[in-house]
Amino acid sequence: MRFEHEGLAQRVLFGSGEAAQAVAAETERLDARRVMVIAGKGERELAESVTAGLPVAVRHDEVVMHVPVEVAERARSVAAAHDVDAIVCVGGGSTTGLAKAVALTAGVPIVAVPTTYAGSEATNVWGLTEGAKKTTGVDARVLPRAIVYDASLMLGLPVAMSVASGLNALAHCVDSMWAPRADPIDRALAAEGIRALRIGLPQVVAAPRGLEGREYALYGAYLAAVAFASAGSGLHHKICHVLGGRFDLPHAQTHAVVLPYVLAFNVPNAPEAERRIAVAFDARTAVEGLRQLRTELDAPTALRDYGLSEADIPDAVEAILPAVPADNPTPVDSHNLARLLHAAWEGADPR
Ligand code: NAD
């Protein structure tokens, strides 16, 4: 065994009902005096409960999925006008994404309080969308200095969104088994992430306001994001990245739909990953484990339900192909990729 692994330096505080104290302590550690609070309108109350005691210079609530450049520019102007020295973001991946866009140019530290399972808080990846093109990049300045995980903030995340977002986290784990920089540490984190999500998500569906399932799912989502940050984007993420940016499909639901197709596509040529995923699911095979979980969760099944039209598929194939990692376990060509996308579009049985 031989590998190089780089862990990202950030503090992680996990405790249900403790977000307000933890955020206060973390901003204090940063010696922040002029905090910009970023939270979308839907998360306003959550954000107020978490940031009530902070030296807030400005609250900003214009949050848009996939961070359109003009939305980022407006937030950057607000940050500059108020001379902020730290950002506290409370919300899902879109909110964290906007905080990252500001941090990228302003160089101020972020304390992230995630309220979905998207995992952006644990990566140094930023994303911006201009027109129909989503650009991503890696920059140390966008990695939140601290993450405050408080599962009690997620009790109101609707079940359907919880399921989609949880499967987005699961996709980080699965793709981390074969992504370009995947190493044994990533695979170990990913396997534990799958196990935690497999335990947590059915509990979230059965009892959305129960803390235990939320905690398991959130813990799994963190592991998933750490694995993904190190392993990089595999085939699954390359596909979803194009679908999200080019066709404006919703992020979490797109991941939730595409995952079983990529898994079924790759496992015949990735026996070790197949075994690990199956074990993590406590199932006979990886594909069966995912199918069982998706059935329990009543997961989203078809891209056509989320805005992709059949006529978009050739265009999507053309945009995805150049981005496919060269060492993907199953060699990808325009024919098998079109087949995969078509199956995901109509919600056919993944095989
Ligand atoms: P989102 O942030 O857009 O949130 C989805 C919906 O859930 C929104 O309507 C939001 O208001 C609502 N919501 C969030 N938290 C809630 C709560 N606790 N209770 C009730 N409602 C709540 O979606 P997302 O899937 O979390 O994030 C998607 C975005 O994150 C995409 O743009 C994606 O590219 C990005 N992302 C980036 C990275 C990265 O590493 N850079 C990783 C994952 C995702």
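**Salt bridges, surface and ligand shell**

Arg351 is exposed, with a relative accessible area of 78%. Exposed means over 50%, buried under 20%, and partly exposed in between (1.4 Å probe, protein chains only). The model is predicted: local features need pLDDT of at least 70, side-chain atom pairs count only at pLDDT 80 or more, and totals for chains, interfaces and linings use all residues. Residues are numbered from 1 along each chain as its sequence is written, and side-chain values use heavy atoms, with hydrogens and water left out.

Stay with Arg351. Its partner in a salt bridge is Asp349, and the closest N and O atoms are 3.5 Å apart. A salt bridge here is a side-chain nitrogen of Lys or Arg within 4 Å of a carboxyl oxygen of Asp or Glu. Asp349 counts as partly exposed, because its relative accessibility is 41%. Side chains of opposite charge can pair when their charged atoms come close.

How many salt bridges does the structure hold? There are 15. Take Asp31 and Arg33, whose side chains meet at 3.0 Å, N to O. Asp31 has 47% relative accessibility, so Asp31 counts as partly exposed. Arg33 is partly exposed too, with 48%.

Now look at Arg246 and Asp315. They form a salt bridge, with the closest N and O atoms 3.1 Å apart. This pair links distant parts of the chain. Helices (H or I, at least four residues) and strands (E, at least two) are DSSP runs, numbered from the N terminus. Arg246 counts as partly exposed, at 40% relative accessibility. Asp315 falls in that class as well, at 31%. Elsewhere, salt bridges link three residues into a network: Arg11, Glu26 and Arg29.

Met1, Phe3 and Ile185 make a nonpolar patch of about 360 Å². Patch residues have over 30% relative accessible area and no salt bridge; like charges are joined within 9 Å, nonpolar side chains (Val, Leu, Ile, Met, Phe, Trp, Tyr) within 5 Å. Met1 lies in the segment before β1 (11–14). Is Met1 buried or exposed? Met1 is exposed, because its relative accessible area is 90%.

Helix α6 (residues 184–206) holds Val205. At 26% relative accessibility, Val205 counts as partly exposed. Val205 and Leu8 are 197 residues apart in sequence. Their C-alpha atoms are 32 Å apart in space.

Which residues are closest to the ligand? Ser94, Thr115, Thr116, Thr123 and Lys134 are the closest of the 22 residues that surround the ligand (a heavy atom within 4 Å). That shell divides into nine nonpolar, ten polar and three charged residues. α4 gives the largest share of the shell, three residues.

A polar side-chain atom of Ser94 lies 2.6 Å from a ligand oxygen. Another ligand oxygen entry involves Glu43, where an N or O atom of the side chain is 2.9 Å away. Val125 uses its backbone: a polar atom there is 2.9 Å from a ligand nitrogen. Taken alone the ligand exposes 860 Å², and the protein buries 81% of that. The areas come from the Shrake-Rupley method with a 1.4 Å probe; for residues, only the protein chains shown count as cover.

Definitions and conventions. A polar contact is a pair of N or O atoms within 3.5 Å; within protein, one must be able to donate a hydrogen and the other to accept it, and residues adjacent in sequence count only if both atoms are side-chain atoms. Ala, Val, Leu, Ile, Met, Phe, Trp, Tyr, Cys and Pro count as nonpolar, Asp, Glu, Lys and Arg as charged, and the others, Gly among them, as polar.
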